[in-house]
Amino acid sequence: MFINSFGSLNAANMDFSIDVFLRQSWHDPRLVLPGPRERVAITNPQMLARLWKPDTYFSNMKDGDIHRVSMPNVLYRIYKTGDVLYSMRLTLRLSCHMEFREYPLDSQVCGVHVTSYANTDDLVRYRWLADRPIDLPEALEIAQFDLLGFSANETSHVYVTGNFSGLLAEFKLRRQSGYHVLQTYVPTVLIVIVSWVSFWLDPNAVPGRVTLGVTTLLTLTTLASGIRASLPPVSYVKAIDVWIGTCMILVFSALMEFTVVNWLFNKKVTHHGQSSFKIRKSGVSNSAPPWNPTKRLTASMKMWRDAGAGYVASTALIVMISARLAHGSAQSQMLAELLQDYDVNEWPHAEYKHPTTVRVQMFINSFGSLNAANMDYTIDVFLRQRWMDPRLRLRSGQKHITVSNPEMRGRIWKPDTFFNNVKDAEVHQVSMPNILLRIGNTGDVLYSMRITLKLSCILQLENFPFDAQQCNTLLASYANTDDVIKYRWEENVPIDLPDNLEIAQYDLLGHSTHERKQEFVTGNFSGLLIKFSLRRQNGYHVLQTYVPTILIVSISWVSFWLDPNAVPGRVSLGVTTLLTLTTLASGIRASLPPVSYVKAIDVWIGTCMIMVFGALLEFTLVNWLANKKVIEHSQTMFKIPRLTKAQEEEPSAAASPKTYITYARALDRLCRVLFPGGFLIFNLVYWPYYLVHQYMALPQSLV
C-alpha cells in the first residue's frame, strides 16, 4: 500500500480517511506470455473483467470509492513469467475505535484490515511485500496528529464460512496539542482569571460582581458545548472534562464567595452602621507547564518506481489471452455444463413441488449508534444464506466451487431477500463486490454478502435518558410466498457477534431470533426477525446535562443572599440563569424527535426552570415588600411629618419602612432553606425512580 494522503481522524464518528494505491501481485501460470514481450498491460474493461482477481475487501471500511477521473485508476499488468500486478487507487473511510480518556493529550492506534471475502486460506493467502510493505511520501502530513510509526502484520480470521487469510496495517498517531492550547486552554484560563476581578470590586457593587460572575460562567458553558459537539457521547470522564469542570468550579466558587461577602458586609452595616473588614491581598499566579510539541516523525521512504516503460500488448498476445480465457478452466467448464439446462426463473425444488428452505446466518460486523431524532440505527452485517439446489450437484470428486464471475452468478437462482424496515442499504463494492457464492458437491449453495443497513426503530423515550430500547431487524422474501421459500435461522449460530462489539451510548443486553409468518393480500410470506435489547449509558448525560443544570439552579439561589433593594443584580442573575437553562434545554430538544409525551429529561428541565423562575418571582415579592411603605410615605409626606432616624429604628414604629424590610429579609432567609431543600427532595425521588425503571426494563429472556 502506498499512502497517498492521510485524512484527519473524525472523533465524533470514530473513523478516518486515507487515499491509497492498493497494489496486489500474484502468480497465474495460465497467463505465461510467449514471445519476446516482457509484459503487457490490460486496459480493456471487458477483458479485465474476464481475468481472475482476488476479492480483497477492507473489513473495517465504512465507505470506499475507486477513482474514475478521467479514466478508471486501475492497472492490470501481466509479466512474461505469469506474474500479475493489480493496482488501483482507492479513497477509504475506515472505522477506528478511539479512547478519549486523555483527550486532547491522547494517542490513537488506527488500523487497515485487509482480507478476502469469499476465498478461504486454502485458495488465497495474503502476504505483505517483503520490501516496503507500506510506502509513505516524505511530505505526508496528518491534520492534528503526528505519525509516530506503523506496523504491518499478517492475520487469520475464523468464521463459520471458513478460515480466511488477512493483513493488518496499524498506524500509531499522537494528537498535536497546539490547536487545543490556543482554542481551549488559553481562553478558559482567561475566563477563570477574569472571574477573579470580582475580588477587587467593592462588596456592595452588586450589579458589577453578579454580571461578571454569571457572564463568565455562561461563556465557559458555551465554550464547553462547542467542545462536546466535536466528540462522541462517551460515558467516561475525559481529560478535557476534568479541565472544564475545574474551571467551572473556580468560576462558580468566585460567585459563591461574592454571595458570602455581600451578605457579611450588609449584615454588619445593618447592626453596626459600618463594616471594617480587612482582607489581605494574596498574589495569584497561574503558571502552566510549557508546551513542547515533539518533532513530527516523517517517513523518508521512496515512492513506488516503475523501472520500465509501459508496453501496449500486441494483437497476437491479445488474441492468445482471449483464446485462453475462452477455453476456461475445468471448473468453469463444469459450471457451464451445470447451467446448460438450468432455469434461473424456477426455484430449486419446483420439480418436487415443495418449498426451498433457506437458512440464514448474520454476522454483525459493527453496530452504529441509535439516532433518536430520526428513530433509526445502522448495522454492518455479513448476510449468509444457505439452501439446497439439486440441479447444481457436482459431477466430479471436487468438494466445492466458488463462482466469482458476475455474469455466471446472475444465471444461478438466489432468494430475493429484503429487509422490511430498511431505510437505506448498500452492498460493499471495494475493492471487489463483497459477494460469495459457493456450490458444494451435493448441490448445497452458500450465498454471502456484506451489507450496510440503516433500519427504522420505533424508540420509546418516556424514560430518556434512562431508557432501554428494543430494535428489530426483519427480513423476508419480496415476491416468493411460503410455498416457494421458507426461511429458517441457522441452528448453531444464527446471529454471530464479535467479542469487542461496542455501541455508542448503549450497552447490548442481548438478542433473540424468531421465525414469523406475514400475511398480505399478495399471499403468505415466510420471514425472520431479530430483536436487539439495548440500554442507554448514563455517563454522558450526567456530565453534559444534569451537572450543568444543577449548577445553574444553584447559581439562581445566590439571589437570596443579596440585598432586597439590589434590583439590577438580582434581576440580571434571575434572567441570565433562566436564559442559560433555556438554551441548554433547546440543545437537548434538538437531538430528540418531537414526541407528544413527557420524557424524564422534560421532568428534570421543567423542575429546574420552576426553581429558577421561582427564585425570580421570590425576588419580585421581596422587592415589593421592601419598598411598599417607602412609596406610601413619600406620597403623603406633605401631611405626615418625616420620622427621624431614631424613630424609624424603633420596633414600635409599625408604619415605618423598617418593618417591611425585615419581612423581606426574613422571606429571603426562609428561601435559602426552602429552595435547596425542595430541590434535594426532588432529587431523592427522581433518581431512584428512573434508575430503577431503567434496570427493570430488561427483556424477559434476561430477567
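Me: A crossing counts as left-handed if the near helix is turned anticlockwise from the far one by less than a right angle, and as right-handed if clockwise. In this predicted model, is the crossing of H2 and H3 left-handed or right-handed?

Reply: The two helices in question are H2, which covers residues 178-195, and H3, which covers residues 206-229. With the definition above applied to this pair, the crossing of H2 and H3 is left-handed.

Me: How do H2 and H3 run relative to each other, roughly parallel or roughly antiparallel?

Reply: The axes of H2 and H3 come within 9 Å and cross at roughly 165°. Because an angle over 145 degrees counts as roughly antiparallel, H2 is, relative to H3, roughly antiparallel.

Me: At what angle do H8 and H9 pack?

Reply: Helix H8 spans residues 539-556 and helix H9 spans residues 567-590, with their axes 9 Å apart. H8 and H9 are roughly antiparallel to each other, and the angle at which they pack is about 165°.

Me: How many nonpolar residues are in the contact of H8 with H9?

Reply: Among the residues that meet here are Pro-548, Ile-552 and Ile-555 in H8, and Leu-573, Leu-581 and Ile-588 in H9. The contact of H8 with H9 holds no charged residues and six polar ones, and its nonpolar residues number seven.

Definitions and conventions:
Residues are numbered from 1 along each chain as its sequence is written. This is a predicted model: local features need pLDDT of at least 70, side-chain atom pairs count only at pLDDT 80 or more; totals for chains, interfaces and linings use all residues. Side-chain values use heavy atoms; hydrogens and water are left out. Axes are lines fitted to C-alpha atoms, for helices over the stretch in contact, and angles run from 0 to 180 degrees between N-to-C directions. Helices (H or I, at least four residues) and strands (E, at least two) are DSSP runs, numbered from the N terminus. Angles under 35 degrees count as roughly parallel, over 145 as roughly antiparallel, 65 to 115 as roughly perpendicular and the rest as oblique. Contact means heavy atoms within 4.5 Å. Ala, Val, Leu, Ile, Met, Phe, Trp, Tyr, Cys and Pro count as nonpolar, Asp, Glu, Lys and Arg as charged, and the others, Gly among them, as polar.
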